[in-house]
Amino acid sequence: MAGSESLDKEISSAVSSCEAYFEKVQSRKNLPKSLQETLNSAFAGIPVSSFPRVPGGRVIEIPSETSVSEAVKILSDSKILSAPVINKDHESSLDWSERYLGIIDYSSIILWVLESAELAAIALSATSATAAGVGAGAVGALGVAALGATGPVAAAGLAAAAVGAAVAGGVAADRGIGKDAPTAVDRLGKDFYQVILREEPFKSTTVRTILKSFRYAPFVPVSTESSMLSVLLLLSKYRLRNVPVIKPGEPDIKNYITQSAVVYGLEDCKGRDWFDHISALPISDLGLPFMTPNEVISIDSEEHILEAFKRMRDNNIGGLPVVEGTNKKIVGNISMRDIRYLLLQPEVFSNFRHLTVRNFTTKIATAGEEYGLAIPAITCRPDSTLGSVINSLASRSVHRVYVGDGDENELYGVITLRDVISCFVSEPPNYFENCLGFSVKEMLNR
């Protein structure tokens with residue numbers, strides 16, 4: 001009961017935050033009511049089925065029993081940041097609520113890895129595997145299932161078990177034992193990377209285990225018969241990064257519409273009267289940026305990269321501007337997509353506890369195209385037009401544009417994909433209950 005009440009409070013808080021954000025947007029963007037109603041009517045008349053399909057025409061799905069390391073490889077090879085997770089117990093079901101467990105993304109995985117790293121360090125700081133709470137044979141004799149591989153507490157147990165067993169088994173017999181935790185994990189070096197992603201039980205830890213333990217990513221689909229207004233509202237007001245499209249009575253996802261794809265679509269609307277009118281407006285006329293400079297979460301270039309990812313996790317955001325000096329001069333950008341360099345390059349990961357943001361960005365700038373090129377901070381000015389911001393987001397394939405002010409390009413604000421989409425839509429009264437048949441609370445609780 002206590003867990004249910006806690007979830008209800010979390011959902012209520014999320015809904016309240018979404019409503020407060022959208023109310024702020026609507027009060028500041030100053031579009032004539034008649035124009036907004038016309039836009040809503042137009043989007044409501046566009047069927048989801050008409051939206052362009054994902055590249056290749058097939059949505060990448062990840063079975064729930066896929067190992068975490070394999071999931072990383074699938075996401076990386078497919079050049080995507082997230083994917084729906086199929087419930088292996090109901091993979092043939094025609095009911096989407098049974099067939100899909102949620103959406104896994106890089107942020108969930110990096111959080112799991114980093115928190116496991118901290119726990120691993122604690123285990124390694126003990127004088128023996130027994131002192132760490134796990135015997136060398138615990139993993140082999142009992143197996144992952146017996147350890148209870150569900151939820152964050154179990155993930156903590158798995159971390160201690162994996163490294164405890166590895167230490168007792170001689171993987172790191174001469175490294176870090178009896179030292180403090182930070183020294184232990186630092187000295188483990190590349191062996192630690194082997195343990196965290198390739199040794200048991202991590203090798204057997206599945207996507208199902210970590211899916212909702214670290215970051216909540218609900219699976220909220222629309223049908224092929226729904227309208228684009230529904231999609232735009234889910235992506236903007238309700239802060240979803242992607243919306244799966246299903247056809248009732250059929251098992252497979254027909255499309256997967258992301259915030260980025262919608263902004264690409266808006267960019268293609270050049271030449272249409274309504275788009276040209278809105279995109280020609282200075283961002284300040286639309287109330288952008290919606291956050292004050294003090295509200296923008298940033299990271300100093302001399303802070304540790306671990307702190308940058310933790311800050312993104314704690315604030316549930318996908319990227320941070322890198323700043324320098326008391327005036328917060330914008331000098332770079334760190335986003336969740338950059339975690340591939342931590343996960344896929346052992347030589348970078350092995351030293352992550354001491355790696356500064358500056359050094360990390362320098363390393364990934366020279367990593368080569370095998371891991372994807374690093375994306376610098378994309379900026380605009382307070383007097384830039386909305387159209388120029390949309391062009392930057394679409395042409396540079398980024399999720400946010402930072403607003404810089406003055407000769408020193410001081411951090412003034414940030415404009416995200418969500419902000420841009422929000423400029424074009426408003427929510428009619430009781431829209432989701434009337435059009436899709438579920439309430440916001442039910443939507444976030446699935």
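Predicted model: local features only at pLDDT ≥ 70, side-chain atom pairs only at ≥ 80, totals over all residues.
Local features need pLDDT of at least 70 and side-chain atom pairs count only at pLDDT 80 or more, while totals for chains, interfaces and linings use all residues. Residues are numbered from 1 along each chain as its sequence is written, and side-chain values use heavy atoms, with hydrogens and water left out.

View A. Ser-260 sits in helix α12, residues 259–267 (helices are DSSP runs of H or I with at least four residues, strands are runs of E with at least two, and both are numbered from the N terminus). Its relative accessibility is 14%, so Ser-260 counts as buried (buried is under 20% relative accessible area, exposed over 50%, partly exposed in between, with a 1.4 Å probe and protein chains only). Neighbours within four places in sequence aside, Ser-260 is in contact with His-399 and Leu-417 (contact means heavy atoms within 4.5 Å). The side chains of Ser-260 and His-399 also make a polar contact at 3.3 Å (a pair of N or O atoms within 3.5 Å; within protein, one must be able to donate a hydrogen and the other to accept it, and residues adjacent in sequence count only if both atoms are side-chain atoms).

**View B. The cis peptide bond at Pro-289.** Leu-288 and Pro-289 are joined in cis, with omega about -5 degrees. Pro-289 lies in the loop between α13 (273–279) and β7 (299–300).

**View C. Positive phi at Ser-397.** Look in the loop between α18 (386–395) and β11 (400–405) for Ser-397. Phi of this non-glycine residue is near 55 degrees, and Ser-397 is partly exposed at 32% relative accessible area.

**View D. Positive phi at Asn-409.** Asn-409, in the loop between β11 and β12 (410–416), has phi near 55 degrees, a positive value in a residue other than glycine. With a relative accessible area of 18%, Asn-409 is buried.
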